[in-house]
Amino acid sequence: MRQNIGTVNALVRITCGFALLAWSTARMVKKPNQTSLMVIAIAAAMKIAEGFTRFCPLTYLFEENVMYEGDEDYYEDYSPLNPS
């Protein structure tokens with residue numbers, strides 16, 4: 001697993017993830033049966049994990065599926081068919 005986000009991006013993800021996680025857990029104390037708060041808490045935990053590992057699956061999928069026209073070197077270096 002190769003890191004695909006920068007340090008500043010990772011710090012922003014960690015900070016926002018902890019803020020959203022704290023907000024959603026505080027709201028779940030008052031309304032424990034609300035599903036949307038659980039979804040927000042799970043999404044926040046995912047953002048925290050992405051920040052710590054510096055790997056974002058959506059960024060990875062986007063980079064793998066986009067071929068830049070006129071940039072053959074990029075495609076050769078990062079092609080899934082290229083064994084390097």
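Helices here are DSSP runs of H or I with at least four residues, and strands are runs of E with at least two, numbered from the N terminus. With that in place, Arg54 sits in the loop between H2 and H3.

A word on the source. This is a predicted model, where local features need pLDDT of at least 70, side-chain atom pairs count only at pLDDT 80 or more, and totals for chains, interfaces and linings use all residues. Residues are numbered from 1 along each chain as its sequence is written, and side-chain values use heavy atoms, with hydrogens and water left out.

Now H2. This helix covers residues 35–53, 19 residues in total, and spans 27 Å from first C-alpha to last. That is close to the expected 27 Å, taken as 1.5 Å times one less than the number of residues. Its buried residues (buried is under 20% relative accessible area, exposed over 50%, partly exposed in between, with a 1.4 Å probe and protein chains only) are Leu37, Ala41, Ala44, Ile48, Glu50 and Gly51. Among what covers them are helix H1 (7–30) and helix H3 (57–65).

What follows H2? Arg54 does, with a positive phi near 55°, although Arg54 is not a glycine. Arg54 counts as partly exposed because its relative accessibility is 25%.

Last, the aromatic rings. The structure holds one aromatic pair. Phe55 and Tyr60 form it, 5.8 Å centre to centre with 45° between the planes, which is tilted. For the cut-offs, rings of Phe, Tyr and Trp (its six-membered ring) pair if their centres lie within 6.5 Å; planes under 30 degrees apart are stacked, over 60 edge-to-face, the rest tilted. Phe55 is buried because its relative accessibility is 16%, while Tyr60, at 39%, is partly exposed.

Conventions:
Contact = heavy atoms within 4.5 Å.
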